[in-house]
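Dear colleague,

Please find below the structure that I am handing over to you. My findings follow directly after it, and I would be grateful if you read them with the model open.

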Amino acid sequence: QVKLVEFGGGSVKAGGSLRLSCTTSGSTDRFLSMGWFRQAPGKEREFVAMISMSGTTTYYADSVKGRFTISTENALYLQMNSLKPDDTAVYYCAADTKGLLYNANGVDYWGQGTQVTVSS
């Protein structure tokens, strides 16, 4: 059974940094890409970043481009710098077995989420 577990959420002031991690277990060799999504209160879940399992392809939402970096090395990571209050949300790790992950419709597996809170 595939399982994704996020770590690293927390509270930080604007301008600060956090690093999220996502560990996987189970039959993960079918994954073609992984990514991060987030959901703020009262809003829909939105795409943040994705990476192919080969590491050769990455893609970011415009809102985080230049501030967030996604990587994979034994786990999935999201380095978040220059955080803003608008980045406050529950962040979810996700995996896709069919191709590159650009939206929630393609997600085959979700983590349980980790809260990130950025204060002004």
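Gly15 is located in the loop between strand E2 (10-13) and E3. The model is a predicted one, and every value in this message was computed from it. With a relative accessible area of 54%, Gly15 is exposed, because that value is over 50%. Leaving aside residues up to four places away in sequence, Gly15 touches Ser82 and Leu83. Gly15 and Arg30 are 15 residues apart along the chain, and their C-alpha atoms are separated by 37 Å.

The disulfide

How many disulfides does a search of the whole structure find? The search finds one. It is formed by Cys22 and Cys93, whose sulfur atoms are 2.0 Å apart. Cys22 belongs to strand E3 (residues 18-25) and Cys93 to strand E9 (residues 89-96), so the pair links distant parts of the chain, 71 residues apart. As a reminder, a disulfide is a covalent bond between the sulfur atoms of two cysteines. The link of Cys22 and Cys93 is left-handed, with -75° about the S-S bond. Both Cys22 and Cys93 are buried.

In soluble globular proteins, nonpolar side chains tend to be buried together. In this model, the largest nonpolar core has 33 residues, and Trp36, Leu78, Met80 and Tyr91 touch the most other members. At least two residues of this core come from each of E3, E4, strand E5 (46-52), strand E7 (68-72), strand E8 (76-80), E9 and strand E11 (114-119). Met80 deserves a separate look. Not counting residues up to four places away in sequence, Met80 touches Gly16, Ser17, Leu18, Leu20, Arg67, Phe68, Tyr91 and Val116.

Aromatic rings

The count of aromatic pairs comes to six. One of them joins Phe31 and Tyr109: the ring centres are 5.8 Å apart and the planes lie at 40°, so the pair is tilted. Phe31 is buried, because its relative accessible area of 5% is under 20%. Tyr109 has a relative accessible area of 23% and is therefore partly exposed.

A further pair consists of Phe37 and Trp110. Their ring centres are 5.1 Å apart and their planes are at 70°, so this pair is edge-to-face. Phe37 lies in strand E4 and Trp110 in strand E10, so the pair ties together parts that are 73 residues apart in sequence. Is Phe37 buried or exposed? Phe37 is buried, with a relative accessible area of 1%. Trp110, in contrast, is partly exposed, at 31%.

Ring pairs also join residues into a cluster, which consists of Phe37, Phe47, Tyr59, Tyr92, Tyr102 and Trp110. Arg45 is placed over two of these rings. Its charged end sits over the ring of Tyr92, 3.6 Å from the ring centre. Arg45 also lies over the face of Trp110, at 4.5 Å from the centre of that ring.

Two further buried residues

Val107 is found in the loop between E9 and E10. This residue is buried, because its relative accessible area of 12% is under 20%. Not counting residues up to four places away in sequence, Val107 touches Phe37, Ala94, Ala95 and Leu101. Val107 and Asp96 are eleven residues apart along the chain, and their C-alpha atoms are separated by 5.0 Å.

Thr114 is part of strand E11. It also counts as buried, at 12% relative accessibility. Which residues does Thr114 touch, not counting residues up to four places away in sequence? They are Glu6, Gly8, Gly9, Leu20, Ala89, Val90 and Tyr91. For Gly9 there is a further detail: its backbone nitrogen lies 3.3 Å from a polar atom of the side chain of Thr114.

With kind regards

How values were computed:
Residues numbered from 1 in each chain as written. Predicted model: local features only at pLDDT ≥ 70, side-chain atom pairs only at ≥ 80, totals over all residues. Heavy atoms only, no water. Disulfide = S-S within 2.5 Å. Helix = DSSP H or I, 4+ residues; strand = E, 2+ residues; numbered from the N terminus. Buried < 20%, exposed > 50% of the residue type's maximum accessible area, 1.4 Å probe, protein only. Phe/Tyr/Trp six-rings, centres within 6.5 Å; stacked < 30°, edge-to-face > 60°. Lys NZ or Arg CZ within 6 Å of the ring centre and 35° of its normal. Core = buried A, V, L, I, M, F, W, Y, C linked by side-chain atoms within 4.5 Å. Contact = heavy atoms within 4.5 Å. Polar contact = N/O pair within 3.5 Å; in protein donor to acceptor, adjacent residues only side chain to side chain.
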